[in-house]
Amino acid sequence: MLWYKAWLETRWRFLIGLLVLVCSAAATVFTYPKVLQLLPLVPPEGAGGELGRRITEAAALARTYRGFVWSQGFGQDLMRMVTLFAALLGVGGVFSGSSGAGSLFTLSMPVSRNRLLGTRTAIGLVELLVLAIGPALVIPLLSPAVGQRYAIDEALVHGVCLFAAGSAFFSLAMLLSTIFSDAWRPLLVTLAIALVLAFCGQVFDGSGEGIFGLMAGDVYFRTGALPWWGLAISAGTSGLLLYGAAATFARRDF
Amino acid sequence: MADPLTIETTGVRKRYGGVEAVRGLDLAVPAGSLCGFLGRNGAGKTTTIKILLGMVRPTGGAARVFGLPADAPAGSLAIRRRTGYVSEEKDLYDYMTVEEMVRFTARFFPRWRRDLEQRYLQRFELPLVARVKALSRGTRTMLALLLALCRGADLLILDEPTAGLDPAVAEDVLQALVAHVASGDGTTVFFSSHQIAEVEQIADRVAVVDRGRVVVSGLLDDLRERYCRVQIVFDGAAPEAAFRTPGVARVQRTGRVLTVTSSAGAGPVLAEARTLGPASVEVVPITLKDIFLESVAAQRED
């Protein structure tokens, strides 16, 4: 029954996230014909400066359907939205109701705090997995509608990358929710950290090995190799954050 | 042989930052009793209850329920298996319907009483399909009470069960509680309140808490017997007598009158009063309210 409770508490965030992500994936597919029409307008030499370089790079990627899906979908829209919904799913922690309503009732039940946290974490991670894999699979499913093909296994790998990196933000939000008693600070702090990491990734690291590089499946797109180290580090980080959440939750007074 | 204790705390302390909410609280609640935990707002009642249920960890002392340590995870789990609880805020899941709430709770308690569930659903007229969020405060309290009573618990801990209810609903809650205890399965009830009248109405035992300490505790009848107030009237101004008789809780001097509150009967106070040459001495009956107010006042003067 704890599963049912966790599902009831997170279902709207999950369903809204699924709808938004599926629409975003579909939009990526259906905008490709328009992008193809616009490509000839991009000057082959490109404009000067950083902006010009980026436009040229984007245009180069968009010349292939695989490159466009990666750069627009997995590398931008889906990545950002999975980050947002991972944080939203983690917020509230064990007591996902508004302002922790029902927390004392839950704590009066004959259930250990570890089991409460474990169940909530498992439900949240399953929902995140669906949010990451489901929209990724929409792309190969809809691609024939615009006369293109996209490999299912490639979509799956990108979905796994989205999930693995997204789980770190989910776990961070869970940890912060065991520290703060309101829902806003965990969300805002998680998103602020995500913004800082994205900024650092843009400024200091062009190798695609940061968390957002992993989330976009950068290495996989460019080399075809699975980012095992990135996945392992992400899983380890999530594990540590969740361990911290369990330790904090076990000590906390209500 | 004395009844075994369902609740026993020894020197329990709880500090939140610079504030000590509970300061060496000693409490003993025998099995099968209906104990009122009386205190003003902020006296430490809710914190004590949360300590008993493992929601708050004490910073000192020991709290045991059914002989199990309340602050140990395994002990707390075993305690909660045998305990029904209603929180002060009647904290429930707003997004569930009444029926979902009942089904959800029942799954955690193997001794769930289906017969009581049906009885209380009817008696409290709870709308099964209504969301908890939509319930009035009174109906919400009734649902919280049902969820506690039907657990088949050996101990009911109720934190201000009638707080915020109109007198008619509050009476319903108290009557349901009394009827449940009277059904004779030996359930211990520990309920906090700052309503002296309701404690007096249903409790057989009382513990008065003030500033995080139990200042008076015992069987209600014993307290009424032991506690008394002696009014000593003098022809002139009342003397500043110290009253060294054991059990004197408080001495008040107002003009020609000395009022002595004793927790050890009137006899010794009367004997000492007569040595002061009074114009008249009278033993005045004392109520639980008087006991409460005198104990709290005496605690403040200390």
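Start with helix α6 of chain A: select residues 152-179. This is a predicted model. The helix has 28 residues. From first C-alpha to last, α6(A) reaches 40 Å, close to the 40 Å expected at 1.5 Å a residue. Now colour by burial. α6(A) is mostly covered, with 22 of its 28 residues buried.

**The α1–α3 pair in chain A**

The crossing of α1(A) past α3(A) is right-handed.

Show the side chains where the two helices meet. On α1(A), pick out residues including Thr10(A), Arg13(A), Phe14(A), Gly17(A), Val20(A) and Leu21(A). Further contact residues of α1(A) include Ser24(A), Ala25(A), Thr28(A), Tyr32(A) and Val35(A). On α3(A), the contact residues include Tyr65(A), Phe68(A), Val69(A), Gln72(A), Gly73(A) and Asp77(A). Also among them are Leu78(A), Met81(A), Phe85(A), Leu88(A) and Leu89(A).

**Where chain A touches chain B**

Bring both chains into view. The contact takes 17 residues from chain A and 20 residues from chain B. By class, the side of chain A that touches chain B has 10 nonpolar, five polar and two charged residues.

**Chain B as a whole**

Chain B has 10 helices and 14 strands. Its C-alpha atoms fill a box of roughly 70 × 40 × 40 Å along the principal axes. Of its 302 residues, 42% count as buried. Among contacts in chain B with a separation of 6 or more, 69% join residues 24 or more positions apart.

**Two backbone stops in chain B**

Zoom to Lys90(B), in the loop between β6 (83-86) and α3 (98-106) of chain B. Its phi is near 55 degrees, a positive value in a residue other than glycine. Lys90(B) counts as buried because it has 26 C-beta neighbours inside 10 Å.

Finish at Arg211(B). Look in the loop between β9 (205-210) and β10 (213-219) of chain B. Arg211(B) is not a glycine, yet has a positive phi of about 50 degrees. With 17 C-beta neighbours inside 10 Å, Arg211(B) counts as partly exposed.

Technical notes. Residues are numbered from 1 along each chain as its sequence is written. Chains are lettered from A and ligands numbered from 1 in the order in which they are written. This is a predicted model: local features need pLDDT of at least 70, side-chain atom pairs count only at pLDDT 80 or more; totals for chains, interfaces and linings use all residues. Helices (H or I, at least four residues) and strands (E, at least two) are DSSP runs, numbered from the N terminus. The expected span of a helix is 1.5 Å times one less than its number of residues. A residue is buried if 20 or more other C-beta atoms lie within 10 Å of its own, exposed if 12 or fewer, and partly exposed in between; C-beta atoms are placed from the backbone. Two residues are in contact if their C-beta atoms, placed from the backbone, lie within 7 Å. Ala, Val, Leu, Ile, Met, Phe, Trp, Tyr, Cys and Pro count as nonpolar, Asp, Glu, Lys and Arg as charged, and the others, Gly among them, as polar. A crossing is left-handed if the near helix is turned anticlockwise from the far one by less than a right angle, and right-handed if clockwise.
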